[in-house]
Amino acid sequence: MTRLLEQQVRFNYSPKLVPDTEKRKVRNMSFIICDTSGVSQQLYLDRLKALMPEREVQIWPEEPNQPETVKYALVWKPPAQLFETYKNIKAVFNLGAGVDALLEDQMVPEHLPIIRLIDPLLDRGMIEYVTWAVLRYHRLLHLYEGFQTQKQWTPLAATDARKTRVGILGLGQLGQGCADMLCRLNLQVMGWSRSPKDIAGVATYHGETGLNEMLAQSDILVCLLPLTSQTCGMLNADLYAKLPKGAKVINVARGPHLIVEDTLAALESGQLEHVTLDVFPTEPLTADSPLWHHPKVTVTPHIASQTVPDSAIETIVANVQRLEAGKEPQGLVQRDHGY
Ligand SMILES: NC(=O)c1ccc[n+]([C@@H]2O[C@H](COP(=O)([O-])OP(=O)(O)OC[C@H]3O[C@@H](n4cnc5c(N)ncnc54)[C@H](OP(=O)(O)O)[C@@H]3O)[C@@H](O)[C@H]2O)c1
């Protein structure tokens with residue numbers, strides 16, 4: 001790429017100044033957007049066109065137009081045919097943080113870099129949700145909500161944030177953001193990750209022994225792990241048995257992290273006092289699921305942190321510019337780790 005083009009791409013250039021040959025090259029680095037949730041496709045398209053007016057943007061599953069010119073795919077749960085139709089794709093940008101769906105069945109050809117979404121508003125959404133769910137338990141609001149339905153006026157003893165212990169499974173982009181906020185609220189914060197970490201104010205653990213140590217102290221356990229072969233089904237009877245009796249669990253990662261039958265049994269026995277679930281093995285949660293009406297379960301429809309289209313596209317455009325300047329994009333997925 002010429003210096004001129006590099007600079008123009010980087011600084012959101014004015015098309016008037018671009019020679020025809022350069023315009024053609026830029027057009028030949030066009031995009032396909034495939035958001036099978038369908039909700040925000042048009043919003044992604046509008047923002048991308050506004051930020052990169054020289055690029056062609058196609059929408060899946062419209063009739064492909066010169067598919068060989070498409071270099072970047074912006075996707076959420078795409079079908080495998082996308083990669084058969086657009087054979088010259090150079091990089092795949094996921095429109096969310098979790099890439100488990102993309103790594104399933106080796107859908108994305110091995111040679112293609114997958115870049116997950118690291119976006120300030122995605123972080124913010126998760127921090128808000130986890131802070132709400134943790135504070136609700138810490139301040140016993142889940143109990144007061146039950147009291148209200150009984151017209152019951154029963155003040156319970158005050159709780160002390162310094163004594164409420166929160167364990168976070170996963171200390172990545174989202175886990176660390178939540179840990180930081182919970183520390184600022186003076187809660188006792190712990191976190192577990194694959195590799196050792198040193199985070200101010202957070203007691204960190206790794207490995208099997210570290211996990212058991214953290215679980216034994218977690219009054220509230222938050223799951224923010226990626227879904228991989230190692231983490232699938234982790235929230236099960238064995239893990240619950242290692243928590244203090246009456247612990248609360250918040251799963252905001254992926255549905256298959258949690259074994260529903262084990263969770264219901266632990267609620268029944270009192271090993272768990274309450275759970276907050278944002279994600280489920282089958283989504284939408286089926287009408288016959290016992291989770292809907294369970295008095296000790298709070299259900300939300302996978303909204304803990306939702307992609308905000310404008311912000312996501314701005315982040316992705318910055319990453320495209322990084323790639324085109326020969327730099328490593330932010331959020332490059334390590335396929336051998338599975339996240
Ligand atoms: N409910 C929602 O609305 C929603 C929204 C966004 C994301 N999510 C979920 O949140 C997940 C986490 O996102 P993120 O951006 O924080 O991911 P991330 O930055 O990749 O962090 C993942 C963390 O998990 C740790 N980890 C991975 N495998 C592990 C293992 N086997 N044992 C121990 N620790 C392990 C990693 O350890 P290292 O630090 O050592 O690598 C890292 O700390 C996503 O994968 C997605 O599934 C849900």
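Helices (H or I, at least four residues) and strands (E, at least two) are DSSP runs, numbered from the N terminus. The model is predicted, so local features need pLDDT of at least 70 and side-chain atom pairs count only at pLDDT 80 or more, while totals for chains, interfaces and linings use all residues. Residue numbers start from 1 along each chain as its sequence is written.

**View A. Pro284 sits in a loop between β11 and β12.** The loop joins β11 (272-277) to β12 (297-299). Pro284 counts as exposed because it has 9 C-beta neighbours inside 10 Å (exposed is 12 or fewer other C-beta atoms within 10 Å, buried is 20 or more, partly exposed is in between; C-beta atoms are placed from the backbone). Its C-alpha atom is 8.7 Å from that of His302, a residue 18 positions away along the chain.

**View B. Here is an open, parallel sheet of five strands.** Follow the order β2-β1-β3-β4-β5. Strands pair if DSSP finds at least two bridges between them. β2 (57-59) and β5 (114-115) are at the edges with a single partner strand each, so one side of each has no neighbour in the sheet. β4 (residues 91-94) pairs with β5 over two bridges, and Val92 stands opposite Ile114 in β5.

**View C. Now meet helices α6 and α8.** The axes of α6 (residues 120-138) and α8 (residues 173-184) come within 9 Å and cross at roughly 50° (axes are lines fitted to C-alpha atoms over the stretch in contact, and angles run from 0 to 180 degrees between N-to-C directions). The two are therefore oblique to each other (under 35 degrees is roughly parallel, over 145 roughly antiparallel, 65 to 115 roughly perpendicular, the rest oblique).
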